[in-house]
Amino acid sequence: MFSEFLQYLFTGITIGATYALIALGFTLIYNASHVINFAQGEFLMIGGMATVSLMAMGVPMLLAIILAVVLAGVLGILLQRFAIAPAKQADVVTLIIITIGASIFIRGLAQLVWGKEYHVMPNFSSDEPIRIFGAVLNSQSLWVLGIGAILVVGLVLFFTRTLIGKAILATSMNKEAARLVGIRTQLVLMLAFMVSALLGSVAGVVVAPITFTSYDIGIMLGLKGFVAAAIGGLGSGVGAVVGGLLLGVVEAMAAGYISSDYKDAVAFSMILVVLFFMPRGLFGAKVVERV
Amino acid sequence: MLKTMLRRAGKFAAIAAAGLVMSAQAAEPIKIGSFLSVTGPASFLGDPELKTLEMYVEKINESGGVLGRPLELIHYDDVGNASSARNFASRLIRSDRVDIIVGGSTTGATMAAVPLVEQAKIPFISLAGAVVITTPVKEWVFKTPQSDRMAAERILSDMKERGITKIGLISGTDGFGASGRTQTLEVAKELGVEILADVTYSGSDTDMTAQLTNIRNTQGVEGVLNFGFGQGPAIVTRNYAQLGIKLPFYQSHGVASDGFLDLAGASAEGLRLPASPLLVPDSLPEDDPQKEVVQSYKAEYEARWNAKVSTFGAYAYDGLMLAVKAIEAAGSTEPEAVRKALENIQGHVGVTGEFNMSPEDHNGLKADSFRILEVQNGAWKLIN
Amino acid sequence: MVNRFMQSRLRDLVFLAIILFALPAFLSNPFHYDLATQMAIIAATVVGLNLLVGFAGQISLGHAGFFGLGAYFSGIMTGSYGWSSIPALLVGAVLVGIIAWIVGRPILRLKGHYLSMATLAVGFIIAIIINNETWLTGGPDGMPVPSLDIFGWELSPFGSYSLFGMELDGNQAWYLFAALVLLVAVWFAQNLIDSPIGRALRSVHGSEVAARVVGVNTASYKSLVFVISAIYASLMGGLYAHFQGFITPAVAAFDFSIVLITMVVLGGMGSTMGVILGAVVLKLLPQVLADFQELETVMFGLILMLTMIFMPKGLLPTIQMAVSKRMKKKAGGQA
C-alpha cells in the first residue's frame, strides 16, 4: 500500500518539478509585462531538441546542453526584441496572440530543421533505477529535482541580492515608478524573457531523458506549466513552484487511485476549485486597481 | 431566373468542353487525391504515407503511367484534425475533381470524409485502421490496413497459446488506442480472456508509471497489453522495465517500426507485437508470396528517402497499387467501374498482406496477415 | 472607435448583407460554398466571442468547449435520441448558458486574467469528457450527425432546393441559410451593444472602478455577456455539426479555442465587422497555404506574428484608420 503511494509520489514530484520550472518562466514574464507567454513551451522544446541534435553531431553532452540553453536564451531575447518590443503600444491580449504566433513559428522552424521524429536523450547518470521502500525511482528524477531546486534557489538570490534582479522586481511592481528611478523597463523586460527562456530550456533538457523530445513536446508541457502557474496564483514565484509540484502529484495520484481517463480533468478542475475558493490562486497577491 | 439561365449556359459550355476534351484524353492525367496527417500528432503516419505516394506516383509515371495516362497526385496536410480532413476531402472532390482518393491517415479523418465521398460517389481507399471504416460496408469506402480487431484477435490468441488468460490492458485515449481498447474488450470476451485491469493514458503524457503500478498491483494479472501509437507506448515500455515488471508484455501494430526500437531501447527486450512482415523481410521463408514485394518496397523506400521504412507507409503503397490495379481493370476512371473493379480484386499481394476484396469485405485482409514478432537482442524476430 | 462604430452600425449591416448575397457570383464550385458556409458559422461564433472580448475586456480560452458542447448536444440528441434539431439547439444553448453562468459568476468579480484560466479549464474538461465517453459521443474517432431539420423541413448539403424559382443545390442553400444566420447574429450583437447593457459594458471596459462608483453592477453585466457569448458558441456549434455531418472532439479542443480568440484579435477586438474579417482570413489561410506544404506552419505563425506586430489594433481597424487618414489628407489638400 505504502509503496504504491510512494511510487505515485515519486512520479508526481518528478513531472511536477518540470511543471514548476515552466510555471516560473510564465510568472517571470507575466510579472514584467502581464503577458501570458504561450511560447514558453517552445523554450523547453528548444532545450531538449538542440541538445539531442548537437549530441548527434558528436558534441559532448555537457557542452551540448550549455549550447542549447544559450540558444534558448538568445531566442528569448530575440522574441522580446523583435516580437514584443515593436508592438509595445498594443493591448496585452494582442501581445498574447503574438506569443501564440511566435510559438507556432518556432515550432514550424523546429520541424523543418529537426524533423518530426521523437528522439532519445540518455540519462545523465546511471540507467539503473533506484529502489526505495518497494517504489522505483528513475535516477534522472534526482537530476530533475536537484537542478530544479538549484534553479529556484538561484532565482531567489538573483531577485534579492542582485541589482538587475531587484530592477526586474521593481518593474513588475510598478512600471512607472521604476522608470522614474531610472530603470530601463525595456531592458528589464528583455531580461525577463531571457531568464524565463533559460529556465524553460533547462527544464526541457533535464526532463528529456524521461519524456523523449520532439518538435511538438512543448505544446502540452507548456500548457501544464501555465495551469500550474494559474493554480499557484499567476505572478507568484512561490505559487508557481507549489502549483507545479501539486499539479504533478495530483495527476499521478488521480491516475493511480481515481481514473486514468480523467486524471487530466482532475488537474483542470483544480484550477476551478482554486479560483472559486481562493480566487487569487494559492499565493496570488491582492491587486488594487488604480482609478 | 438569371441564375438558372447562367447555370444552364454553364452546363452547356461544360458539355461542349467535355466533347472537345474527349479527343485529347490520352494525355489527360489521372488525378489521385490524398489528404494525410503529414504534420501534427499523427505525422508518423502521414509522413511516410506521403513519401510513399510521391515516390511511387513518380515511378509509375516514369514507366508510362496507367492506361497510357500519367498520374497526378494532389495532396493536402490535414494536421491530424478531422475537420480539416473533411474540408480537404471536399476540396479534392469538388474543386480538384479527383478520380480516386487514397488517404486518410487516422480513423477520425477518414470517417469525417466518408459522408462526402459516399454522396459524391468517388472511390476512397483509406489508410486508417479502425474496424468501423469498413464494417458495416460502405459502398465507396475501402481500406488497406488490417483492422484493430484483427490485431486484438492475433495478440489475444498468441497470449492464450502461451497460457495467458488474465491480462492488464493499458491504452491511449487517442482514436487508435480507444478503438483498439474497445475491440480488445470485445475479442477478449469471445476468446475467454479476462481483463483484470483497464487503464489509459493520454497521447501527451510523459510518464505512465502510475498506471503501470496500478496494473502491477492487480492480483492475478498474467500478461500486459499496450494498445497505442506514437511515443506513448515507448514511454510505457520504458516505465514497464523500470518498474521491474516481469510479466509477458505485448504492444499493438501501432508501434511496428524501427523507430520504436530506437526510442524504447533495451526496455523493449522480449515484448511481442503483431506486424506486417515489412519489419522482418529477410526472415520470411523463400516461398512466402509477400517476400519479394516486401523486400523491394523496403529497399526502394530506404534508398529514396534515406529513412527507415515503416508499416504505415506500406498502407499507402498498397492503397496506391490497389487503385492502379482497379483503374487498369476498369479500363477507365469511371467511378462505378473503378469501384466494381476494387471490389473484385482477388489475390493481390501487397506489403501489408494478401488482399481478397468482395462486396461484403472492403478490406480484404485476414488476421493471419499479421505476423507475431518478438524483440530479441534489440531486433525484430519472426515468431509465427 | 466604439462610438464611431455605433453610428455606422446600420451601414455595416447593410454592407455585410450586400457582400454576403453578392458573394455567390464569385463562388465557382460546391467546395467554395462549403468553405463560405463554414466561414459564416465560425464568423457568427466570433461575433459572440467579440462581445466578451471587445466589450467586457475579458478573454475566453475555452470557447471551443462551448462550441463543442453545442455541437455534441445537437448531434447526440438528434442522432441517438430522435429529437428535432431546433429543440436540440435551444436546450443545448440553455445548458451551455447555465454552465457559463456558474463559471462566470464568481470569477468575473475578479479583475485580471482569471476568466481566461477558468475558461481554459472548463474547455479542457468538456473536451476530455467528450473524448472519454465513447458510448455517448463515439469517442476520439467522432460521430455522425443527421442533417438539420427545421420543423420537418430538412436542410442537407446533399439535397436540392428551389427558392423563388431558383434551383439551389444543398451547398448553396446551406450557404444562404448560414449567411442569414450571420446577419441575425450581427444584428443581435449590435442591438446589444447599443442597449443599456451595452453602454454599461463599455463603461466596464473603460474603468471598472468608475463604473462601479456610478452604480453599474459590473460583475453581473460581465456574467451576462459571458453567458450570451457562450450561447452564441453553442448555437453555432450545433449548426456546424449539422452542416458537417460528422464531428470529432477536435471541435471542442483547446487549439480551436485559440483559433477563435485569434480571429477576434486579428480582425480587430471590439469591431464586429473586423472579427468577421478575422474569421474569414484565418479560415482561408490554411487553404491558401496548403500549397506551401512543409512551410505551412512556419508561414502561418509568421503571418500571425507580423500582422499583430504591425497592426496591433487588428486588420479592419487599421485599414479603416489608414483610409480615413488618407481621406482627411485629400480633403485638406482640396481646401
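Two strands pair if DSSP finds at least two bridges between them, and helices (H or I, at least four residues) and strands (E, at least two) are DSSP runs, numbered from the N terminus. In chain B, Gly33(B) stands opposite Ile74(B), a residue of strand 2. That strand runs parallel to strand 1 (residues 30-36) of chain B, and seven bridges join the two.

A quick note on the model: it is predicted, so local features need pLDDT of at least 70 and side-chain atom pairs count only at pLDDT 80 or more, while totals for chains, interfaces and linings use all residues. Residues are numbered from 1 along each chain as its sequence is written, with chains lettered from A and ligands numbered from 1 in the order in which they are written.

Back in chain B, strand 2 (residues 71-77) is mostly covered, with five of its seven residues buried. Buried means that 20 or more other C-beta atoms, placed from the backbone, lie within 10 Å of the residue's own. Strand 2 also turns up where chain B touches chain C, supplying at least two residues, as do helix 1 (2-23), helix 3 (82-95), helix 4 (107-120) and helix 6 (175-191) of chain B. Helix 3 of chain B gives the most to this side, nine residues. Overall, 31 residues of chain B are in contact with 27 residues of chain C, where contact means C-beta atoms, placed from the backbone, within 7 Å. The chain B side divides into nine nonpolar, 15 polar and seven charged residues. Ala, Val, Leu, Ile, Met, Phe, Trp, Tyr, Cys and Pro count as nonpolar, Asp, Glu, Lys and Arg as charged, and the others, Gly among them, as polar.

Chain C meets chain A too, through 35 residues of chain C and 37 residues of chain A. On the chain A side, helix 4 (92-114) and helix 11 (263-277) are the elements that give two or more residues. Helix 4 of chain A gives the most, with 14 residues. This side divides into 26 nonpolar, six polar and five charged residues.

As for chain C itself, there are 15 helices and six strands. Its radius of gyration (over C-alpha atoms) is 20 Å, close to the 20 Å that the globule rule gives for 335 residues, so chain C is as compact as a globular protein of that length. The rule is 2.2 Å times the number of residues to the power 0.38. Of the 335 residues of chain C, 55% count as buried.

Definitions and conventions. Contact = placed C-beta atoms within 7 Å. Buried ≥ 20, exposed ≤ 12 C-beta atoms within 10 Å, placed from the backbone.
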